[in-house]
Amino acid sequence: MLPTYQWIIIPLLSGLIGWFTNWLAVKMLFRPRLPINILGYTLQGVIPKRRGDIAKIIGKTIEEELLTHGDLQSALKKINLNDTVKPLLEEKINLMIDQKLASISPLLISMLPKVMLDKIKASILEEILNALPELMEKLSDSFINHLPISELVITNINKFDLARLEKMIIDASNKELKFIEYLGGFVGVIIGII
């Protein structure tokens, strides 16, 4: 039969060891950030060490499942360019006709009635606006086919500051990480009692 103090000390120590090992495991997800050589073994946090692999997996997942080229194309097709582009086109057409026509034939511009010039400008604008959906579809196809979502994500994750990434992950999952630490302590106490 064990003395009473051992019934308290053994579970307490094993609980402390269980909590400490889980606390250390959580810390070692992120630290050390730079590799440290200890007796021939390189020690580095899981996330800093596997950052490139993690970035590739996240990039591939985003491109193939979360933000696909099809999703982007659908979003681009929903944009109403007429409202956005029409004022700019009107301005450019007015400038072009007024300046180009005046430079080609100043006499012609003075002879054409303003109403006729306005009809020409309106006709050009209408033709461009009618061609806009087809043009936009071709542009969006080209844009989407040349948009390397995965590569952009990989590059940005690899540039991301590790300290900031660690803080974001800890802030987002603090309760769960604390639970893992406490669970280690609880399991340690149970093992100590057994």
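Mentor: A residue is called buried under 20% relative accessible area, exposed over 50%, and partly exposed in between (1.4 Å probe, protein chains only). The model is predicted, so local features need pLDDT of at least 70 and side-chain atom pairs pLDDT 80 or more, whereas totals for chains, interfaces and linings use all residues. Residues are numbered from 1 along each chain as its sequence is written, and side-chain values use heavy atoms, with hydrogens and water left out.

The part to look at is a group of aromatic rings. Ring pairs join W19, F20 and W23 into a cluster, and the structure has two aromatic pairs (centres within 6.5 Å, taking the six-membered ring of Trp; planes under 30 degrees apart are stacked, over 60 edge-to-face, the rest tilted). In one of them, W19 and W23 have ring centres 6.2 Å apart and planes at 25°, so this pair is stacked. Both tryptophans belong to helix α1, residues 4-27 (helices are DSSP runs of H or I, at least four residues, and strands of E, at least two, numbered from the N terminus). W19 and W23 are four residues apart, about one turn of the helix. W19 has 29% relative accessibility and therefore counts as partly exposed. W23 is also partly exposed, because its relative accessible area is 28%.

Now follow the chain into the loop between α1 and β1 (36-38), where P32 is found. The peptide bond joining R31 to P32 is cis, with omega about -5°. R31 also takes part in a contact (heavy atoms within 4.5 Å): E166 touches R31, and F30 and R33 as well, when residues up to four places away in sequence are not counted. E166 itself sits in helix α9, which covers residues 162-193. With 6% relative accessibility, E166 is buried.

L39 is not a glycine, yet its phi is positive, about 50°. Its relative accessibility of 81% makes L39 exposed.

To sum up, begin with the stacked tryptophans W19 and W23, which are in helix α1. Finish at L39, with its positive phi.
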